[in-house]
2 protein chains.
Amino acid sequence: MIAEIISIGDELLNGITVNTNASFIGQQLTCAGIEVSWIETVGDDVDRLRDTLMHASKRVNIIIITGGLGPTHDDITKKVVADFFKQPLVFQPVIYQRLEAFFKSRGRTMSPLNRSQAEIPRGAEILENRLGTAPGFYLLKNRVHIFVLPGVPGEMQRMMQTSVLPKLKHIGLPGIHFLKTLHTIGISESSLNEAFITFKDMFPGVRLASLPNAQGVSLRLSMNASEKSGGKPIFKRAVEFTREAAGQYLYGEDEDTIESVVGNLLLKHNYSIAVAESCTGGLIGHRLTNISGSSQYFQCGVVTYSDWVKIDLLKVPESVIRKYGAVSKKTAIAMAKGVIHLSGADAGLSVTGIAGPTGGSKGKPVGLVYIGYIDKYHHTVEKFIFSQDRILNKMRFSGYALDLVRRMLQDST
Amino acid sequence: MIAEIISIGDELLNGITVNTNASFIGQQLTCAGIEVSWIETVGDDVDRLRDTLMHASKRVNIIIITGGLGPTHDDITKKVVADFFKQPLVFQPVIYQRLEAFFKSRGRTMSPLNRSQAEIPRGAEILENRLGTAPGFYLLKNRVHIFVLPGVPGEMQRMMQTSVLPKLKHIGLPGIHFLKTLHTIGISESSLNEAFITFKDMFPGVRLASLPNAQGVSLRLSMNASEKSGGKPIFKRAVEFTREAAGQYLYGEDEDTIESVVGNLLLKHNYSIAVAESCTGGLIGHRLTNISGSSQYFQCGVVTYSDWVKIDLLKVPESVIRKYGAVSKKTAIAMAKGVIHLSGADAGLSVTGIAGPTGGSKGKPVGLVYIGYIDKYHHTVEKFIFSQDRILNKMRFSGYALDLVRRMLQDST
């Protein structure tokens with residue numbers, strides 16, 4: 001079973017919208033053990049869409065189409081699909097009734113344009129859309145399974161999960177698919193990959209992908225296996241091997257983020273935390289508070305961009321700044337101490353560095369950062385040098401700062 | 001002249017990587033007045049790539065290919081393109097010398113695998129890659145212009161701008177392309193669009209796209225016109241009309257962001273600013289400090305997540321919090337006052353609200369926010385109610401807060 005995804009819309013071709021729908025569908029199908037062989041994007045154009053359908057229907061057996069199901073005249077998908085597969089559009093009273101109810105429940109009146117949304121090709125099965133007005137449909141023609149879904153991401157995602165995947169399962173999937181992602185911070189992609197030279201021979205059938213991002217590297221393991229092939233123990237051993245190879249750099253798995261992991265550790269230790277930021281400008285506080293429930297441990301943050309706010313508010317000794325500079329080990333520790341004193345939190349985290357692109361010097365280049373952390377068992381500073389890019393540096397400084405908290409609190413469990 | 005973009009890589013099909021390269025290229029071509037008719041994504045597979053090239057070479061006259069130019073065995077692009085267009089690969093000493101110099105300048109030794117990167121199809125023109133090892137190339141075959149570029153975003157983007165677009169201009173573009181984007185905050189897409197019902201008739205040939213994002217709506221105007229067609233005055237009038245229709249909600253154009261606009265206004269007024277954040281957790285400070293040079297006006301930020309930090313640090317009267325609550329007009333003003341007092345900044349901005357998804361009540365629902373702003377001429381609070389989504393709310397709260405500063409400082413110019 002191989003699949004093609006067809007994304008429809010001018011906004012995808014002219015770059016106004018990034019095609020995240022295709023990535024979502026690709027991920028869902030891959031996880032379900034179905035290979036995606038092509039993704040084709042085409043505009044709101046009858047002839048070009050026909051051409052696209054012609055190629056797809058010859059080369060794959062599953063086609064997932066999104067977009068162009070709205071009620072306006074540039075929404076051509078349904079008509080072109082119906083014509084191409086020679087199944088005339090038929091009015092479906094059941095869809096019409098649902099549409100009426102949908103509009104009524106929102107206190108809106110239904111436009112005559114919406115009537116056309118109650119039509120689907122003859123022989124097609126309705127795929128219900130609980131979040132919007134455009135229903136999808138499923139058609140089996142010449143052994144090709146065709147799914148047509150709206151392009152609104154939320155509606156499409158919901159329908160993939162409630163209609164398309166169950167339907168594909170019913171049709172018969174090739175097997176089960178194992179998937180595990182492990183997240184690291186603090187090790188380069190090439191150093192990390194040195195541990196995996198013999199991986200392919202050790203764990204036949206397990207695919208390993210290394211995915212670098214702004215602050216670290218994630219490792220994604222996947223395996224297609226039938227229920228009876230005995231792939232499960234091999235996959236489990238491969239995951240275990242990868243966990244060990246990642247070692248201290250491993251901070252989480254699958255849906256974990258460094259901020260959620262740190263949040264859980266703070267809850268576990270019953271610690272509150274306060275953050276003193278300089279060059280990260282508030283990003284650490286922002287990331288920590290992206291987690292719902294962070295008010296249980298996030299006490300306060302102070303962004304001290306100027307020297308005298310460090311002195312005045314955080315009581316960093318003026319002599320320390322004068323002697324060692326604002327970007328120094330001693331200042332980082334004094335900031336962490338100061339924010340604990342100011343807030344009464346159990347733990348204090350501080351960052352001082354040079355995000356760039358200006359402000360660097362020979363001894364203190366752009367990308368230099370000191371990260372301080374203090375709690376009743378720890379008192380530590382780390383130094384890193386990253387890149388020239390301001391936005392990337394802020395991401396890395398904040399990621400490494402959160403990771404320092406993670407390593408300190410994991411050690412003391 | 002119509003173009004097709006071909007993106008190569010398994011990671012794009014299985015959804016691990018979102019295809020932002022194609023959006024970038026689509027945008028660049030559209031801005032240059034070239035229509036993109038298809039974007040096709042295919043994996044690292046010889047037969048499927050051949051199939052893709054076959055369709056593309058029949059239906060368009062410009063093909064831009066990215067990805068699969070690395071030195072390893074799954075990088076098949078060059079070989080397949082050379083085979084398909086029947087131009088054998090030829091070793092190019094000039095590329096090899098550049099590769100040697102590239103590795104030497106980075107203190108790395110060159111692997112024998114890299115030698116193959118010095119080969120390009122016979123008759124092709126080298127497209128130099130100053131940022132990486134994989135050169136691109138340009139080939140003209142059967143009146144189809146083929147550009148092959150690496151998949152690393154930074155390298156591809158640079159080469160699009162330094163090689164591909166100049167080359168296309170040389171080949172002969174269909175005309176000039178006018179483009180202007182206007183950014184708004186504070187008005188809904190549907191209210192904004194009411195002003196544009198007669199736009200099409202008023203400004204023939206000018207296309208208007210409304211692009212909603214997390215905090216506002218941008219309006220993008222574009223027009224294809226030949227040098228002599230006299231499109232320029234029509235386009236200018238259309239931009240002027242749109243500026244007037246957007247009115248007070250218009251905060252910037254093209255590359256402007258609300259944080260860069262606010263930064264420039266602060267510089268102009270010679271004001272320093274301090275920020276007291278609650279539910280935004282540091283995001284306002286983060287956004288302000290994303291602008292290089294923000295240390296000239298950003299004094300300090302305080303993230304007061306708990307009530308007593310508001311009381312202790314910002315001197316918000318305990319009676320105000322007890323009587324009106326932490327999320328109230330009075331608390332917002334007291335926070336702005338407090339952060340000016342604490343920092344000595346010229347202007348104080350404060351945000352207090354409920355980001356959600358929990359913490360709401362009947363009188364104070366999730367999504368409620370108060371934004372306070374004080375300087376020597378202004379003393380104001382605004383109230384908004386947004387959505388249920390925590391991350392979206394943080395984006396909107398911070399965007400509307402920055403926009404309040406913008407409106408206040410623009411008024412006093």
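A crossing of two helices is right-handed if the near helix is turned clockwise from the far one by less than a right angle. The legends below describe close-up views of a predicted model.

**View 1. Helix 3 of chain A crosses helix 4 of chain A in a right-handed sense.** Helix 3 spans residues 46-59 and helix 4 spans residues 77-84. Their axes come within 10 Å and cross at roughly 50°. That angle makes helix 3 of chain A oblique to helix 4 of chain A. From helix 3, the contact takes in A:V46, A:L49, A:R50 and A:L53. From helix 4, it takes in A:V80, A:V81 and A:F84. By class, the residues of this contact are six nonpolar, no polar and one charged.

**View 2. Helix 2 of chain B packs against helix 6 of chain B.** Two packed helices are described by the angle between their axes and the distance between the axes. Here the angle is about 20° and the axes are 11 Å apart. Helix 2 covers residues 20-31, and helix 6 covers residues 153-172. Angles under 35 degrees count as roughly parallel, so helix 2 of chain B is roughly parallel to helix 6 of chain B. The crossing of these two helices is right-handed. Helix 2 of chain B brings B:T20, B:N21, B:F24, B:I25 and B:Q28 to the contact. Helix 6 of chain B meets them with B:P153, B:M156, B:Q157, B:M160 and B:L165. Six residues of the contact are nonpolar, four are polar and none is charged.

**View 3. Chain B meets chain A.** In this interface, 53 residues of chain B are in contact with 54 residues of chain A. Several elements of chain B each supply at least two residues of the side that touches chain A. Among them are helix 1 (10-13), helix 2, helix 3 (46-59), helix 11 (283-288) and helix 15 (390-411). Strands also take part, including strand 2 (35-42), strand 10 (207-212) and strand 14 (298-304). By class, this side of chain B has 22 nonpolar, 26 polar and five charged residues. Of the interface residues of chain B, 100% are also interface residues in chain A, so the copies meet through the same surface.

**View 4. Chain B is laid on chain A.** A turn of 180° and a shift of 0.4 Å along the axis bring chain B onto chain A. The RMSD is 0.5 Å. The two copies are therefore related as by a two-fold rotation axis.

**View 5. Chain A is assigned three stretches as domains.** Domain 1 covers 2-172, domain 2 covers 176-253 and domain 3 covers 258-411. The centres of domain 1 and domain 2 of chain A, taken over C-alpha atoms, are separated by 35 Å.

View 6. Most residues other than glycine have a negative phi, and most peptide bonds are trans. A:R143 is not a glycine, yet has a positive phi of about 65°. The peptide bond from A:G356 to A:P357 is cis, with omega near 0°. In chain B, the peptide bond from B:G356 to B:P357 is cis, with omega near 0°.

How values were computed
Residues numbered from 1 in each chain as written. Chains lettered and ligands numbered in written order. Predicted model: local features only at pLDDT ≥ 70, side-chain atom pairs only at ≥ 80, totals over all residues. Least-squares fit on C-alpha atoms with pLDDT ≥ 70 in both. Contact = placed C-beta atoms within 7 Å. Domains from an automatic or database assignment. Axes fitted to C-alpha atoms, helices over the stretch in contact; angles between N-to-C directions. Helix = DSSP H or I, 4+ residues; strand = E, 2+ residues; numbered from the N terminus. Parallel < 35°, antiparallel > 145°, perpendicular 65-115°, else oblique. Nonpolar A, V, L, I, M, F, W, Y, C, P; charged D, E, K, R; others polar.
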